[in-house]
Amino acid sequence: MKIAFLTNEFPPYVYGGAGVHAEYLSHALGRNDGHQVELLCFGDQKALERNLTAEGIAAPTGLPSQNPRFAKLIDTLARNVMMTGRASCPDIVHCHTWYTHLAGCLVKSLFNAPLVLTTHSLEPHRPWKAEQLGEAYRVSTWLEATAYRNADGVVAVSESMRRDVKALYQVEDRRIRVIPNGIDIDQYRKVEKPEILAHYGIDPSIPFVLFVGRITRQKGVVHLLNAIPQFHTGMQVVLCAGAPDTDELGQEVERLVQAARRQTPNPIHWIPAMLSKDEIIALYSHASLFICPSVYEPFGIINLEAMACETPVVASAVGGIPEVVLHGETGLLVPFKARGETDFEPVDPQTFARDLADAVNQVMASQSLRDTMSAKARSRVVEHFSWTEIARKTLHFYQELIDQNGK
């Protein structure tokens, strides 16, 4: 089959889990003989492999926008129109996030190709995006809702997302398949590279807790910073956190980092940048514990990456995370209760921060517990989350939809 694969993110421009998913799944699909993947993305990428072509789409220059906060939306819509023009008669079109949903709907109609959406997140469950997009957030939400009404098939990356997409957009069970995110188990594995730690001023002789993620409300970095002063002494904290959603949020995080440093003797190393995969894998590998304090997480691919590098995880029990991290076996899950269905701030932020700290302290207090969790973490990833198996399930779903469509 010929697959049109539409995504905002694709290397080298990857900043979240959806981009990681798009990168690895598209390559896994392309490795299946007889199938051709035509990937269109945002940027200037050019790639040609055996069964995969990737082309970046740049928006036309000089697009008008009376409100500067609408510029990103207008840029996105223009690229969607250009993507539609570049698509070449696919058998199926597969979209990732609202950034490509308009193009997906147009390609579906133009070529009578079944439309598949992967549910990486849902706009109504990300109200903090209004800080970034302003009133354009209403448009992104409308685009998403329209695409789900028109989609022939929906891939939910977790059971949690299956329930959410049914509740929000009334998608019938027959149109949904739960196919999780995956991991390249050959690439993400434990390594010894103390020189990378030294480069960032991290003392290899002192255990450290690691956070990796964008500076966004979703990732719960504010709650982590409020928890750090409650960590027991004798550990380091490494925050690999960059790309703030807004300047204001970036400034808020900077203030909280400085406040945390004043309240704890534990060194806090803040790396305000998105690091290379080799560097991130080295940090995962040397970390004693990975922490994921997200307030909303459809799946949490970041936890798979840490677990593949034999690092136990402390994570909030939200979304798809409990389907990845097994409480008491590969890490600890921290209870989380949100204020409401679309307000994902904790009911009691102080209690949530304290519970995060308690879980970190419990794991960090026992080397034998960490060793047991490390071995189980790697084993779980290898057994359940390889991209080869995920590509097989995805292709099977494609074929079902093509057969139903009679194309």
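Predicted model: local features only at pLDDT ≥ 70, side-chain atom pairs only at ≥ 80, totals over all residues.
**Notebook: a parallel sheet and its helices**

I began with the sheet, where six strands make an open arrangement in the order β11-β10-β9-β12-β13-β14, with parallel pairing. I noted its edge strands next: β11 (268-271) and β14 (331-334) each pair on one side only. A reminder to myself: the strands of a sheet pair through backbone hydrogen bonds, in either a parallel or an antiparallel way.

β12 covers residues 289-292 and β13 covers residues 313-316, and the two pair in the parallel sense over three bridges. Which residue in β13 is the bridge partner of Phe290? I found that it is Val313.

**Entry: helices across the sheet**

Then I turned to the helices lying on these strands. Helix α9 (residues 247-263) lies across β10 (236-242) and β11, and it runs at about 160° to β11. Helix α12 (residues 349-364) lies across β9 (208-214), β12, β13 and β14. I wrote down its angle to β14 too, which is about 165°.

**Entry: helix α5**

Which residues of α5 are buried? My list has Ala136, Tyr137, Ser140, Thr141, Leu143, Glu144, Ala145, Thr146, Ala147 and Tyr148. An α-helix has 3.6 residues a turn, so residues three or four places apart point the same way.

What covers the buried residues of α5? The cover includes the helices α2 (71-86), α3 (101-111), α4 (129-133) and α6 (159-169), along with the strands β6 (115-119) and β7 (153-156).

**Entry: the whole chain**

Finally I stepped back. I counted 14 helices and 14 strands in the chain. The C-alpha atoms fill a box of roughly 60 × 50 × 40 Å along the principal axes. A compact globule of 407 residues would have a radius of gyration near 22 Å, and the chain has 21 Å, which agrees.

Buried residues make up 57% of the 407 residues. Among contacts with a separation of 6 or more, 67% come from residues 24 or more positions apart. The chain exposes about 16600 Å², and carbon and sulfur atoms supply 52% of that area.

Key
Residues numbered from 1 in each chain as written. Heavy atoms only, no water. Pairing = 2+ DSSP bridges. Helix = DSSP H or I, 4+ residues; strand = E, 2+ residues; numbered from the N terminus. Contact = heavy atoms within 4.5 Å. Axes fitted to C-alpha atoms, helices over the stretch in contact; angles between N-to-C directions. Buried < 20%, exposed > 50% of the residue type's maximum accessible area, 1.4 Å probe, protein only. Rg over C-alpha atoms; globule rule 2.2 N^0.38 Å. Areas by Shrake-Rupley, 256 points an atom, 1.4 Å probe, with all protein chains shown as cover.
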